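Here are a few notes to read alongside the model, on its aromatic residues and its core.

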Amino acid sequence: MRMYTLSEISSVLTKASPMKVYSMQRIWSWCQNEGFRYELLPNAVRGVAYKPVWIREDELKRFLQAKGIGVDAVFPTAD
């Protein structure tokens, strides 16, 4: 299962919806205030990243669907 950092999620969401900007701070607030589950990065060097966490792809998809964000636009299926 693929894991995504806050930076990767921010980038993927912003690319999928160019009229909105999804900052790492916004995604972190989802983690803190809306129950978006995350894990600490193993062996992360503190102070290098905004927040040393990552999120499983299935959790990310489930959360985005609950927020009403089109998962198909964010994660297009390969034919």
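1. Let's start with Tyr38, which is partly exposed at 33% relative accessibility; buried means under 20% relative accessible area, exposed over 50%, and partly exposed in between (1.4 Å probe, protein chains only). This is a predicted model, in which local features need pLDDT of at least 70 and side-chain atom pairs pLDDT 80 or more, while totals for chains, interfaces and linings use all residues. Residues are numbered from 1 along each chain as its sequence is written, and side-chain values use heavy atoms, without hydrogens and water.

2. Phe36 and Phe63 form a stacked pair, because their ring centres are 4.1 Å apart and their planes at 15°. Rings of Phe, Tyr and Trp (its six-membered ring) pair if their centres lie within 6.5 Å; planes under 30 degrees apart are stacked, over 60 edge-to-face, and the rest tilted. Phe36 is buried at 2% relative accessibility, and Phe63 is buried at 11%.

3. Ring pairs also join Phe36 and Phe63 with Tyr22 and Trp30 in a cluster.

4. Now the largest nonpolar core: it has 19 residues, and among those with the most contacts inside it are Leu13, Trp30 and Phe36. Such a core is a set of buried Ala, Val, Leu, Ile, Met, Phe, Trp, Tyr and Cys residues joined through side-chain atoms within 4.5 Å.

5. What is Leu13 in contact with, leaving aside its neighbours within four places in sequence? Its partners are Tyr22, Ile27, Trp30, Leu64, Ile69 and Val74, where contact means heavy atoms within 4.5 Å.
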